[in-house]
Amino acid sequence: MIAYTLKRLATGIVSLFVLATVTFFLVRLIPGSPFQNGGVSTQVVEAVEEEYGLKEPLLDQYLTYMGNLVQGDLGVSYQEPDTTVAEIIGRTWPVTASLGLVALLASVFLGTGLGILKAVSKKKAVREGIAAGGMLLAGIPNFAAAILLLLVFSVKLRWFPSAGLLTPAHYVLPMISLMIYPMAVISRLTGNTLASEMGKQYVLFARAKGLGKGRILFTHALKNAWIPVLNYVGPVSAFLLTGSFVVESIFTIPGLGREFVSSITNRDYTLILGLTVFMGTVVILVNLVTDLVCTWMDPRMRRAYSGK
Amino acid sequence: MSILEVKNLSVQYHTGQGRKKALDKVSFSVEKGEIAGIVGESGSGKSTAMLAVMGLLGNSAEVSSDGITVCERPVKPGHDIAMILQDSLNCLDPTVKVGRQITETIRAHRKCTRKEARERAEELLDMAGIRAPKLRMGQYPFELSGGMRQRAAIAIALACEPRVIIADEPTTALDAAVQVQILHLLKRIVEDTGTSLLVVSHDMGVIAALCSRVYVMRSGQIIEHGTAEEIFYAPVHEYTKKLLKDTKGNKDLPPDVREEPPLLRMEHVTKVFGTEEGVRDVSLEIRAGEVYALAGESGSGKTTLARILTGVLPPDSGAIWYKGERLDGRGGKKAWNGKIQMVFQDSYGSLNPCLTVGQALSEALRMQGGKDRLTPAKRRRRVEEMLCMAGLSPKDADRYPDEFSGGERQRIGIARALIPEPELLICDEAFSALDASTRKQILKLLLSIQKTRKIACLFISHDLSLIRQVSSRISVLCRGRMAETGETKAVCSDPWHPYTKMLLNSVLPPDPLKAGKIRPVLAEENGRETDSGNGCPFAVSCGYAMECCFEGTPELYRFGSRETACFLYSEEHTGKRADDYRMTSQI
């Protein structure tokens with residue numbers, strides 16, 4: 001298990017290196033200079049570029065950047081020369097992560113609950129309702145959901161505030177728009193895997209030995225049904241924790257996603273790179289954790305790794 | 001008083017095509033302390049009946065009856081009635097420890113603390129013949145052997161404190177020797193606890209070994225019932241007679257090929273995966289046109305050997321000659337050139353569901369390649385000829401595998417293997433999954449084709465009663481090593497190696513007097529471990545094991561046309577023999 005984790009971490013570092021390299025050169029392909037601004041003269045722009053080292057050969061710039069990156073230095077933002085990229089991440093990520101975490105928990109619990117209902121409900125209307133509803137919700141893009149929610153509950157009904165992320169009430173609408181899709185997918189996945197687990201021999205045997213329904217469902221079937229669902233939850237949590245550009249922009253939430261969008265429009269090279277590397281790290285770590293949890297949940301894999 | 005009483009049980013399934021009758025007014029009963037049996041081929045509705053009795057059928061089934069009672073009360077699963085299923089691997093939850101699966105059953109039936117439940121579970125496991133129950137409680141199902149899992153399932157059934165246990169094909173998935181052990185255990189449990197037992201099986205031998213009363217089932221109806229003696233010795237119904245006849249099998253004499261040149265020879269072939277599986281130092285020789293049998297239990301390396309022969313797996317060491325030409329395993333594919341074909345056990349899994357039968361067959365034909373490539377029309381004609389030969393109709397070429405029954409699919413498998421005109425056909429447990437009468441038909445077909453076309457056939461099976469009927473020579477594999485080789489008739493009537501004897505003694509004859517007497521022959525594991533790789537692989541469970549059996553591996557000792565790898569036949573361990581000594585069985 002430890003050897004496996006180390007191997008995965010090593011491949012993760014290689015991926016990060018490739019990611020940083022590709023992004024570094026791609027960013028330079030954006031036309032225009034980071035310091036170009038309507039009223040600024042060409043001489044001033046060139047002078048500032050000289051100061052930031054942007055006139056040096058591209059390869060030298062790359063080596064300098066990578067050297068700093070290895071030491072954990074993500075550089076300073078071009079737009080806000082007083083703040084480092086690390087500080088910007090430190091300011092924006094807690095906002096994004098708290099929203100993402102709430103949306104993740106809500107979608108996992110609601111999705112699993114609906115999936116269980118879909119698999120075991122005796123009422124056909126409930127089963128098919130959840131199936132159809134899941135399909136419908138999975139088809140709504142989150143920007144459409146966000147705008148719709150904003151119009152109905154914030155503008156028309158005035159139940160929830162429309163911008164920012166100050167009070168719990170602020171969380172409701174962005175959370176819903178973020179969780180709709182994962183919830184729909186999780187409910188469909190759980191419903192399907194659970195239904196197939198419920199048809200297996202060990203469930204039949206558990207019923208034959210006189211166990212209660214709840215016990216069969218929760219200690220036996222759900223445990224097995226959840227392993228494939230978890231494989232989906234991993235990537236989704238990575239997606240939620242790094243923030244949605246669209247949802248954050250619509251609800252004007254000062255999070256990572258919105259920062260990322262503005263950094264691209266501003267051609268803020270270091271900020272784009274820093275945010276990309278950071279998000280990549282989060283994605284790689286979350287996926288690693290998912291794989292480890294999946295392995296741990298399956299005793300066959302657990303024993304294989306622990307070498308017993 | 002009947003413990004279990006079922007009156008006029010009918011079941012209909014609602015399918016996409018409408019209603020399908022699965023059971024039609026079935027009545028049966030089980031008396032106190034008796035072992036009753038229901039026998040029937042697959043699809044006869046045995047399992048449906050049992051699930052209906054337990055009330056465990058799904059929503060698509062419509063059950064009606066004039067009463068299903070256990071001790072004159074309606075059935076509630078797990079209360080007074082318990083069930084054991086065929087597939088012990090899948091009927092235990094793979095992610096929950098064995099101990100917990102037992103204790104939760106105990107706690108579902110009576111109030112007790114966790115500690116009391118654990119103690120009771122250990123007792124039950126001990127009763128089910130599992131040694132070191134404490135250790136087993138902490139393990140997961142996949143860490144137990146097949147026999148041990150079935151014992152754990154029996155312990156779970158006992159945890160319900162049942163008045164009657166339903167055992168649905170309790171030993172079908174197990175090796176012959178383990179099957180005997182489990183049957184014996186079931187018998188002992190009935191004697192010790194006074195519970196009743198209802199055994200459901202397709203295997204006349206199992207029914208004969210256990211039951212005192214038998215019901216015969218066919219297409220959802222009970223067509224005959226009586227005491228075991230009546231059913232086995234004086235059957236009334238034609239179907240019962242046919243069932244018994246098919247089980248006993250036919251004595252087709254295998255062709256005499258002593259003069260034929262060797263077709264395939266392998267010498268000292270070894271292929272090891274990790275530490276345990278695979279084959280070690282195996283040599284054998286198959287002559288043209290003969291039926292050669294390879295016997296052994298699961299895990300004995302039979303399938304690995306078949307894969308090496310077909311060139312799918314390269315051997316780690318050793319040599320294979322095909323018609324005097326050496327094949328090194330890697331570049332070997334060309335030299336084989338479709339001359340070795342295989343029929344698989346899983347007839348469904350080995351056919352691509354997206355290809356029609358005709359496509360699958362002509363693909364096998366195309367693989368020959370080379371100069372004599374056939375035109376599509378000619379290929380089609382060959383495919384149709386082949387299907388006719390396999391007892392199917394030419395029209396079947398345009399149908400898909402899932403439209404056929406298991407027996408028909410196995411015929412397709414045979415047609416596909418035969419169409420490139422092989423010289424050696426390997427049948428890897430190709431008949432194990434079939435019902436006795438289907439098996440008999442297909443076996444007959446295969447043997448007649450084999451005889452007329454003079455194809456050599458390597459017949460791999462765990463079923464010695466089947467091997468005895470078809471093969472002229474036999475090799476017995478024991479945990480990857482050759483245990484005994486010789487002419488089938490001689491080996492089966494007078495086994496030399498203790499392992500062969502154990503296998504032969506585990507065959508259950510469809511005869512209550514003989515089968516009832518069978519005792520588990522596997523010696524209690526003598527608690528010793530052989531050093532890995534060293535020692536006779538059978539030594540740990542061999543009743544004849546000597547000190548030397550744990551220390552060194554016996555080589556093959558040759559006497560005339562027989563070979564055996566057992567120290568009982570070596571001069572240095574059991575004494576010097578005169579030059580004109582004629583070796584006989586030492587066991």
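**View 1. Where chain A meets chain B in this predicted model.** The contact joins 19 residues of chain A to 24 residues of chain B. On the chain A side, α8 (201–208), α9 (213–241) and α13 (299–306) each give two or more residues. The largest share, six residues, comes from α8(A). By class, the side of chain A that touches chain B has six nonpolar, six polar and seven charged residues.

**View 2. An open sheet of six strands in chain B.** The strand order is β7-β8-β9-β3-β10-β11, and the pairing is mixed. β7 (81–84) and β11 (221–227) of chain B stand at the edges. Each has a single partner strand, so one side of each lacks a neighbour in the sheet. On average, neighbouring strands are turned by 15 degrees against each other, direction ignored.

**View 3. Strands β10 and β11 of chain B, side by side.** β10(B) covers residues 213–218. Six bridges join β10(B) to β11(B), and the two run antiparallel. V214(B) stands opposite G226(B), a residue of β11(B).

**View 4. Helix α1 of chain B across the strands.** α1(B) spans residues 46–54. This helix lies across β3 (35–39), β7, β8 (164–168), β9 (196–201) and β10 of chain B. α1(B) runs at about 150 degrees to β8(B).

**View 5. Helices α2 and α3 of chain B, packed together.** α2(B) covers residues 98–109 and α3(B) covers residues 114–127. They pack at an angle of about 115 degrees, with their axes 9 Å apart. That makes α2(B) roughly perpendicular to α3(B). The crossing is right-handed. Among the residues that meet are I102(B) and I106(B) in α2(B), and A117(B) and L124(B) in α3(B). By class, this contact has five nonpolar, two polar and four charged residues.

Definitions and conventions: Residues are numbered from 1 along each chain as its sequence is written. Chains are lettered from A and ligands numbered from 1 in the order in which they are written. This is a predicted model: local features need pLDDT of at least 70, side-chain atom pairs count only at pLDDT 80 or more; totals for chains, interfaces and linings use all residues. Axes are lines fitted to C-alpha atoms, for helices over the stretch in contact, and angles run from 0 to 180 degrees between N-to-C directions. Helices (H or I, at least four residues) and strands (E, at least two) are DSSP runs, numbered from the N terminus. Angles under 35 degrees count as roughly parallel, over 145 as roughly antiparallel, 65 to 115 as roughly perpendicular and the rest as oblique. A crossing is left-handed if the near helix is turned anticlockwise from the far one by less than a right angle, and right-handed if clockwise. Two residues are in contact if their C-beta atoms, placed from the backbone, lie within 7 Å. Ala, Val, Leu, Ile, Met, Phe, Trp, Tyr, Cys and Pro count as nonpolar, Asp, Glu, Lys and Arg as charged, and the others, Gly among them, as polar. Two strands pair if DSSP finds at least two bridges between them.
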